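User: Hi! I am new to protein structures and would like to learn how to read one. Could you take me through it step by step?

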There are 2 protein chains.
Amino acid sequence: MSKQELEKVAANGLINRRHLLGLGLAGMGTVASTSLLGADAGLNLEIPGWSKAPGANASGYGSRSRFTDDMQRMAGNPNPLYPGGGSSRSPLHQLHGSITPNSLHFERHHAGIPDIDPAQHKLVIHGLVRQPLVFSYEDLLRYPMVSKIYFLECSGNSGSLFGPNPADGSAQSLHGLVSGAEWTGIPLSTLLDEAGVYPEARWINAVGADAASMGRSIPLNRAMDDVMLALFQNGEPVRPGQGYPMRLFVPGCEGNISVKWLTQIKLTREPTHFRDETSKYTDTRLDRKSQQFTFPMGTKSVITAPSGQMKLERQGIYQVTGIAWSGRGSIRRVEVSADGGRTWADAMIDSHQSEKALARFRIPWQWSGGDAVLQSRATDSQGNVQPTRTSLVTEKGNISTYHFHGIQSWAVNTAGDVANVYA
Amino acid sequence: MSKQELEKVAANGLINRRHLLGLGLAGMGTVASTSLLGADAGLNLEIPGWSKAPGANASGYGSRSRFTDDMQRMAGNPNPLYPGGGSSRSPLHQLHGSITPNSLHFERHHAGIPDIDPAQHKLVIHGLVRQPLVFSYEDLLRYPMVSKIYFLECSGNSGSLFGPNPADGSAQSLHGLVSGAEWTGIPLSTLLDEAGVYPEARWINAVGADAASMGRSIPLNRAMDDVMLALFQNGEPVRPGQGYPMRLFVPGCEGNISVKWLTQIKLTREPTHFRDETSKYTDTRLDRKSQQFTFPMGTKSVITAPSGQMKLERQGIYQVTGIAWSGRGSIRRVEVSADGGRTWADAMIDSHQSEKALARFRIPWQWSGGDAVLQSRATDSQGNVQPTRTSLVTEKGNISTYHFHGIQSWAVNTAGDVANVYA
């Protein structure tokens with residue numbers, strides 16, 4: 001495999017996986033000498049202690065290795081005047097695949113995490129319905145459910161990239177308000193049909209049982225589509241930080257609209273104009289008007305490794321990997337550039353489900369010790385292409401910091417340091 | 001919707017989901033009186049404490065609700081003469097969807113769970129290769145990876161159903177040695193190609209670093225297919241109970257062959273005939289000969305709710321749900337019977353990935369208070385149909401208790417008690 005052939009894939013070291021074997025990944029595995037490995041005598045390496053005596057017994061609820069304890073969400077409640085207002089960001093730079101373990105799924109709270117007894121919790125459906133209904137948790141467990149893998153992203157995710165200067169940050173600190181999970185719940189249409197929606201209803205409003213009384217309005221036609229009352233996440237009951245015992249789940253839309261600790265759905269003629277769809281979660285445009293109800297999240301991708309604040313310790317082959325998603329469909333294509341967007345190569349995509357889920361992409365990259373700018377660009381099934389940061393800021397301005405979905409640029413310098421840049 | 005029409009779907013209460021709305025799910029949601037729900041005044045129910053004050057702050061590593069603490073694996077190390085030999089069974093009756101959270105994924109250990117420092121762990125590839133290689137954990141993290149959702153099942157799962165009398169048990173105790181997860185790792189072919197496999201090699205043997213030195217043989221053509229060196233499970237590093245820092249993963253095959261704590265792969269001409277493929281994990285047939293190397297797990301399904309040791313507290317609509325899987329492909333169809341297999345109806349299937357993954361099935365069922373026998377029957381993409389228990393036992397005998405994949409029968413009596421029966 002000549003250097004010239006490799007450059008046909010894309011400049012500055014991007015390698016198609018089918019070429020990788022030709023390179024032999026030289027220097028990755030250490031060559032074992034024959035004195036270490038007798039053909040019949042087996043392995044002569046020192047036998048570690050854990051191979052000599054039985055380990056721990058099986059347990060009821062498993063835990064991770066103590067050697068992975070540094071894998072934590074970045075959690076904070078930054079404003080002392082706003083108790084319970086905070087978030088926890090997923091360690092994207094340490095995660096692999098497209099499912100986020102529940103303990104590391106991002107969260108965003110407006111009044112902390114309530115400790116709800118499911119036996120005391122009620123869900124009410126009322127307003128423009130023939131028959132208002134009250135459901136207990138036990139009632140709801142008997143309804144027909146569906147399971148789907150979806151991404152969830154806070155509309156404030158990546159918001160610092162609207163700023164005039166690139167922040168010093170990691171994939172986690174800059175983009176960690178997105179995660180993926182399998183959600184199981186009851187199609188909301190089942191419950192609304194049971195209550196009997198009057199023809200004049202056009203919206204629902206959904207209110208949570210937290211002390212923020214988080215409320216959001218959703219068009220009825222959307223609520224009757226793929227919206228679910230989610231009761232389970234990755235197989236187990238949704239965690240308190242995700243809305244236990246139940247949350248709304250609105251696939252493809254900003255996380256805030258998937259109201260947690262859901263206790264009330266009201267059928268209405270008009271949107272309710274809650275605080276979190278007027279003073280917050282609106283996109284203030286260049287003309288100073290604010291756009292409400294931005295529903296589908298933009299077509300987006302982020303390289304999670306190598307990524308900001310990492311250091312490449314040696315030249316050689318790396319796996320460039322990241323996640324891509326779209327609120328409007330599936331991910332059809334992810335391209336990666338190592339030269340700041342001048343040349344691009346198609347990455348491999350692992351995607352378990354077509355619609356509104358994280359897709360994991362990967363491409364091998366040979367770092368030769370020079371400067372590089374790594375970027376990824378997603379295209380969804382509707383043909384929407386992730387914009388550059390410049391074109392997004394030019395179009396939307398930077399008065400608002402919601403719904404950033406432009407291309408991220410990670411610069412690698414000759415020392416191997418990786419940093420967020422605008423390129 | 002008349003009773004007569006419902007019976008066209010299948011006898012004894014099975015309902016097609018599209019008919020469900022016609023039934024109105026009467027009695028599920030409680031009708032709210034207008035005094036409770038003023039159209040403008042909103043909800044007048046008592047406001048719970050958690051709606052009045054901010055809850056807990058965000059955390060680095062999240063935990064589940066204290067109200068779900070009873071959801072535990074059934075863990076045991078039954079034999080004091082066999083330290084570290086034991087298992088933990090997934091609470092199938094409490095799980096939903098097709099992803100098992102890592103803390104509740106089943107485990108089976110032969111010498112307990114070793115506490116391995118990844119910085120000290122080595123993977124060696126040797127035997128019939130041009131160049132023996134030693135890999136550190138850090139080396140391996142730089143290799144190209146893939147992510148797939150797969151089931152994993154112990155070959156001893158459901159083994160008690162070979163017995164002459166039906167055991168009193170739950171979905172967990174009888175069938176809990178199966179789980180599903182997204183696995184991320186390096187295609188084993190990449191590493192074998194790098195070592196350079198000699199043409200005379202036909203098998204690999206894989207050995208773990210636990211004190212049992214668990215070893216298994218795998219045909220080379222299978223090892224070069226979809227086998228991976230798994231490093232991550234549902235996004236995070238594989239847990240110690242699953243092989244941290246690395247395990248083999250052989251999709252569709254009995255769990256034991258996906259050697260945990262993998263430390264050695266040797267290329268060989270013949271299978272190695274390890275203890276766990278001779279004295280154990282073999283199927284002794286009616287002629288008293290033992291069949292080795294049963295690789296793909298059978299086409300199988302289990303109803304997880306209603307299931308053994310549950311009690312139906314009242315007549316009405318229930319969701320019959322369960323999981324189905326096949327070691328030979330995807331799940332094409334799951335049928336459910338409420339009358340012990342005389343009539344069948346097709347269940348709905350949620351499947352995120354076609355091959356060798358759990359598929360979740362569901363069908364509504366109206367229990368009218370009479371006797372019922374619930375069964376499920378899976379068909380895979382190769383046309384393999386899950387056999388009845390009787391035909392499986394007739395064919396295989398019951399000297400061995402491995403690889404049971406016959407149809408499970410849950411009897412519901414007029415008191416609503418659910419029990420394992422042979423029907």
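User: Which surface do the copies meet through?

Analyst: Good place to start, and keep in mind that this is a predicted model. Of the interface residues of chain A, 100% are also interface residues in chain B, so the copies meet through the same surface. In numbers, 106 residues of chain A are in contact with 106 residues of chain B. The side of chain A that touches chain B is made up of 48 nonpolar, 39 polar and 19 charged residues.

User: How should I read the way chain A and chain B are related, and what rotation superposes them?

Analyst: The general idea is that two copies of a chain are related by a rotation about an axis and a shift along it. Here, chain A is superposed on chain B by a rotation of 180° with 0.0 Å of shift along the axis, and the RMSD is 0.0 Å. The two copies are thus related as by a two-fold rotation axis. To find that axis in chain A, look for A:His352: its C-alpha is the nearest to the axis, 2.8 Å from it.

User: Now a sheet, please. What is the order of the four strands in the open sheet of chain B?

Analyst: The order is 19-20-24-23, and the pairing is antiparallel. Strand 19 (300-305) and strand 23 (348-350) of chain B are at the edges with a single partner strand each, so one side of each has no neighbour in the sheet. On average, neighbouring strands of this sheet are turned by 30° against each other, direction ignored.

User: Which residue is the bridge partner of B:Ala305?

Analyst: That is B:Thr321, in strand 20 of chain B. Strand 20 (residues 316-325) and strand 19 of chain B pair in the antiparallel sense over five bridges.

Note on methods. Residues numbered from 1 in each chain as written. Chains lettered and ligands numbered in written order. Predicted model: local features only at pLDDT ≥ 70, side-chain atom pairs only at ≥ 80, totals over all residues. Contact = placed C-beta atoms within 7 Å. Nonpolar A, V, L, I, M, F, W, Y, C, P; charged D, E, K, R; others polar. Least-squares fit on C-alpha atoms with pLDDT ≥ 70 in both. Pairing = 2+ DSSP bridges. Helix = DSSP H or I, 4+ residues; strand = E, 2+ residues; numbered from the N terminus. Axes fitted to C-alpha atoms, helices over the stretch in contact; angles between N-to-C directions.
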